[in-house]
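This briefing is meant for a reader who is meeting the structure for the first time. Please look over the sequence and the model shown here, then follow the points below.

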Amino acid sequence: MKQHVLFYSFVFLLCFLLGFIQAPFYLIALLLILSMSWYMYIQISPILFSKDVHKSEKFILKHQKNPMYQFYYAIANNLDDEAEEALAKFNAKYKNSHRQALMNTSFALYRKDVSEAKKHVVSIKPPVYRTYYEALIAAESRQYDGAKRLAEQLPKGWMKESVLAEISQKQGNRASAKQHAESAYEQTRGLQRYLIYKNNETYFAS
């Protein structure tokens with residue numbers, strides 16, 4: 001909070017000084033736009049663009065009041081009670097059925113509850129995410145051929161690699177699981193990179 005106040009105070013004073021010396025209005029507006037854009041980028045970079053998983057984790061921990069970040073941190077670190085608590089907060093706060101479906105499906109898969117995951121996955125609206133979670137559900141159900149067919153439909157490489165890593169892991173093929181997990185990791189940034197890293201930490205540590 002203090003950081004936000006200092007930044008906005010600085011921008012306000014700078015614009016005031018430029019106005020005082022009668023700088024062109026377009027210059028003041030441009031400075032304001034560039035400053036705000038830079039600041040917003042710095043703020044969201046750890047969760048969207050960063051390749052540093054430790055920086056992403058630091059951001060997530062700093063924003064634990066947000067139930068979404070609390071939830072993903074909990075499932076990434078196998079904190080069952082915290083994950084359930086965060087999910088309840090999220091569902092109470094956000095009434096969008098699609099967003100709830102994503103979170104509820106993720107939690108069901110985390111708990112390896114296939115029937116619960118199937119109940120929620122149908123409400124996921126973006127087809128690519130619905131297909132991704134359907135593939136993970138198929139893998140969890142040990143329907144490997146079906147999971148592979150769904151994975152081939154995914155346009156995002158990290159999604160396909162994540163599914164293939166999950167299949168290989170369940171089939172006991174550690175070398176293949178590690179290869180696919182590393183490939184998925186290299187194709188992601190921010191929160192998704194952090195989740196892939198935490199879910200496959202044993203492979204990255206070896």
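Tyr133 touches Leu102, Thr105, Ser106, Leu109, Val121 and Ile124, leaving aside residues up to four places away in sequence, where a contact means heavy atoms within 4.5 Å. The model is a predicted one, in which local features need pLDDT of at least 70 and side-chain atom pairs count only at pLDDT 80 or more, while totals for chains, interfaces and linings use all residues. Residues are numbered from 1 along each chain as its sequence is written, and side-chain values use heavy atoms, with hydrogens and water left out.

**Nonpolar core**

- The largest nonpolar core has 50 residues, and Phe71, Tyr132, Tyr133 and Val163 are those with the most contacts inside it; such a core is a set of buried Ala, Val, Leu, Ile, Met, Phe, Trp, Tyr and Cys residues joined through side-chain atoms within 4.5 Å.
- Phe71 is found in helix α4, helices being DSSP runs (H or I, at least four residues) numbered from the N terminus.
- Phe71 counts as buried because its relative accessibility is 0%, given that buried means under 20% relative accessible area, exposed over 50% and partly exposed in between, with a 1.4 Å probe and protein chains only.
- Not counting residues up to four places away in sequence, Phe71 touches Ala83, Ala86, Leu87, Met103, Ser106 and Phe107.
- The C-alpha atoms of Phe71 and Ala88 are separated by 9.6 Å, and these two residues are 17 residues apart along the chain.

**Aromatic pairs**

- The count of aromatic pairs comes to ten, where rings of Phe, Tyr and Trp (its six-membered ring) pair if their centres lie within 6.5 Å, with planes under 30 degrees apart counted as stacked, over 60 as edge-to-face and the rest as tilted.
- Phe59 and Tyr69 form an edge-to-face pair, at 5.5 Å centre to centre and with 85° between the planes.
- Because Phe59 lies in helix α3 (residues 53-62) and Tyr69 in helix α4, this pair ties together parts that are ten residues apart in sequence.
- Both Phe59 and Tyr69 are buried.
- One aromatic cluster is formed by Phe71, Tyr72, Phe107 and Tyr110.

**The largest pocket**

- About 1,300 Å³ of space lies in the largest pocket, a pocket being, on a 1 Å grid over the protein atoms alone, an open set of points where a 1.4 Å probe fits, with protein on both sides within 12 Å along at least five of seven lines.
- Of the 39 residues that line this pocket, Ile75, Tyr132, Gln192, Leu195 and Asn199 are the closest to its centre, and a lining residue has an atom within 4 Å of a point.
- Helices that each supply at least two residues of the lining include α2 (25-48), α4 (67-76) and α12 (190-199), while the largest share, seven residues, comes from α10.
- The lining divides into 23 nonpolar, seven polar and nine charged residues, with Ala, Val, Leu, Ile, Met, Phe, Trp, Tyr, Cys and Pro taken as nonpolar, Asp, Glu, Lys and Arg as charged, and the others, Gly among them, as polar.

**Individual asparagines and an arginine**

- Asn104 lies in helix α6, and its 13% relative accessibility is why Asn104 counts as buried.
- Asn104 touches Leu87, Asn91 and His120, not counting residues up to four places away in sequence.
- Asn78, in the loop between α4 and α5 (80-93), has a phi near 55°, a positive value in a residue other than glycine.
- Asn78 counts as exposed, because its relative accessibility is 58%.
- Arg142, placed in the loop between α8 and α9 (144-152), has a positive phi of about 65° although it is not a glycine.

How values were computed. Grid points are joined across faces, edges and corners, and a volume is the space filled by probe spheres set on the points.
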